[in-house]
Amino acid sequence: MTKRIVICGGGAIGTATAYFLAKRGAQPIVVERNAVAGAASGKSGGFLAYDWCRGQPVDRLARRSFQLHAELAQELGNPWGYRRLDTFAGYAMAGMTRAGARGHAWLSPSVTLTGQIGSPDTTALVEPHAFTTGLMRAAEANGATLKQGTVAGLIQEPDGAVLGVELDSGETIEGDAVVIAMGPWSILASNWLPLPPVYGLKGHSLIFRTGGAIPAEALFLEYEEESGEVLTPEVFARADGTVWACAVSSTSPLPIDPARVAADEGAHDRLERLCRSLSPAIADAPIVARQACFRPVTEDGVPMIGAVKGVPGAYVATGHSVWGMLNAPATGEAMTELILDGATRHVDLARFSPRR
Ligand SMILES: Cc1cc2nc3c(=O)[nH]c(=O)nc-3n(C[C@H](O)[C@H](O)[C@H](O)COP(=O)(O)OP(=O)(O)OC[C@H]3O[C@@H](n4cnc5c(N)ncnc54)[C@H](O)[C@@H]3O)c2cc1C
């Protein structure tokens with residue numbers, strides 16, 4: 001019998017899960033409160049690295065996912081600008097001119113590169129909004145459905161087994177299983193299920209339209225502001241002729257409504273000043289997006305991916321922190337194997353158990 005699976009949240013994790021489930025012939029229903037890719041999954045950097053999680057619990061997940069990103073781009077025609085990159089580390093100081101970054105004519109003399117930290121074999125980039133919406137469309141082409149709605153609770157049998165979800169409108173959606181994939185808003189599910197909390201950490205970013213002026217490169221810098229404060233900007237040149245940059249994080253509280261996420265006062269101006277000083281190509285470039293979003297983090301920094309113990313039919317996939325775009329495909333694949341086969345084949349999820 002075809003399994004109906006209700007996925008709460010249309011971010012990269014929810015849509016990747018829907019894609020892999022639909023490809024296996026299941027019937028996923030993604031319930032999204034605001035817009036698919038409307039939160040971090042549409043606003044993040046989209047940077048991917050093969051082996052940067054070495055020694056960490058997510059290492060295997062990351063390596064598998066890096067491989068799946070390449071396969072997905074190939075299979076689905078790459079409408080999300082997937083490309084391999086050269087990646088460099090370096091530093092810069094406000095108002096300071098140095099020798100400049102030799103061989104990187106697009107950078108200002110204020111930037112010094114200290115080394116190459118990734119090559120096209122190990123680092124890549126996607127445009128996260130196009131990636132997340134592209135996966136949703138591909139899932140729909142395989143039989144998934146998208147439902148606009150705010151999940152407000154679960155429907156359960158007297159013994160606790162999950163029968164579906166209830167929306168804030170009172171409408172119910174039935175399913176054989178429910179996956180919580182609401183990013184930082186998964187904290188709401190701690191009211192419905194025995195789950196530890198998930199928190200949201202805020203980041204700001206800007207997108208500049210630079211045209212073809214910048215090669216396929218990514219930078220991880222240390223930048224000393226005139227005040228002496230050190231920021232760690234990340235600058236990624238995308239395939240669509242834009243440059244995405246972030247540097248300014250904050251601990252402002254997560255609004256309950258994802259549509260109400262807004263930038264902190266002054267954060268974008270500070271980021272804009274910094275970015276414009278890094279490259280003449282950015283100095284004059286128009287800004288096409290000023291963004292703020294929250295990444296989901298667990299208490300120990302390790303994602304929660306797996307079945308909710310003691311509640312048949314309940315699953316969770318969240319807490320991916322800074323690597324949610326990278327790890328979305330392998331998470332979706334593992335959730336699919338777990339729900340349809342009862343066990344995973346590619347990545348052992350024991351370390352990600354919500355009850356660890
Ligand atoms: C500034 C920044 C830069 C980043 N850069 C990178 C990077 O370069 N590489 C990388 O791998 N990762 C990066 N990340 C991390 C990555 O963006 C996140 O880990 C990932 O997007 C999380 O995806 P998600 O699907 O879990 O959550 P989200 O994208 O937050 O999606 C959750 C969805 O749930 C919906 N929702 C909420 N409440 C409800 C409800 N009650 N009912 C229904 N739906 C609901 C929301 O509207 C939202 O669409 C970055 C994050 C930030 C903040």
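Where is the place of aspartate 59? Aspartate 59 sits in helix H3, and we'll come back to that helix below. What you're looking at is a predicted model, where local features need pLDDT of at least 70, side-chain atom pairs count only at pLDDT 80 or more, and totals for chains, interfaces and linings use all residues. Residues are numbered from 1 along each chain as its sequence is written, and side-chain values use heavy atoms, with hydrogens and water left out.

**The chain as a whole**

- Along its principal axes, the C-alpha trace spans about 70 × 40 × 35 Å.
- Of the 356 residues, 56% are buried, where buried means under 20% relative accessible area, exposed over 50%, and partly exposed in between (1.4 Å probe, protein chains only).
- Take the contacts between residues at least 6 apart in sequence: 70% of them join residues at least 24 apart, with contact meaning heavy atoms within 4.5 Å.

**Two domains**

- The chain splits into domain 1 (4-78 + 126-198 + 299-352) and domain 2 (86-119 + 200-297), with bounds that come from an automatic or database domain assignment.
- The C-alpha centres of domain 1 and domain 2 are 28 Å apart.
- Where the two domains touch, 24 residues of domain 1 are in contact with 25 residues of domain 2.

**The six-strand sheet**

- Six strands make an open sheet, ordered E8-E2-E1-E12-E20-E19, with mixed pairing; two strands pair if DSSP finds at least two bridges between them.
- At the edges you'll find strand E8 (145-148) and strand E19 (304-307), each pairing on one side only.
- On average, neighbouring strands here are turned by 20° against each other, direction ignored.
- Strand E12 (residues 177-180) and strand E20 (residues 314-318) pair in the parallel sense over three bridges, and valine 179 stands opposite tyrosine 315 in E20.
- Helix H7 (residues 324-341) packs on this sheet, touching strand E1 (4-8), E12, E19 and E20, and its direction makes about 170° with that of E20; axes are lines fitted to C-alpha atoms, for helices over the stretch in contact, and angles run from 0 to 180 degrees between N-to-C directions.
- E19 and E20 run antiparallel, joined by four bridges, and tyrosine 315 in E20 is the bridge partner of alanine 307.
- Six residues lie between E19 and E20 in their hairpin, and glycine 310 in the turn has a positive phi of about 85°.

- Three strands, in the order E3-E7-E4, form an open sheet with antiparallel pairing.
- Strand E3 (47-49) and strand E4 (83-84) are at the edges with a single partner strand each, so one side of each has no neighbour in the sheet.
- E4 and strand E7 (residues 123-125) are antiparallel and joined by two bridges; arginine 84 has alanine 124 in E7 as its bridge partner.
- Helix H3 (residues 59-75) packs on the sheet, touching E3, E4 and E7, with its direction at about 120° to that of E3.
- Back to aspartate 59: this residue counts as buried because its relative accessibility is 16%.
- Not counting residues up to four places away in sequence, aspartate 59 touches Cys53 and Arg54.
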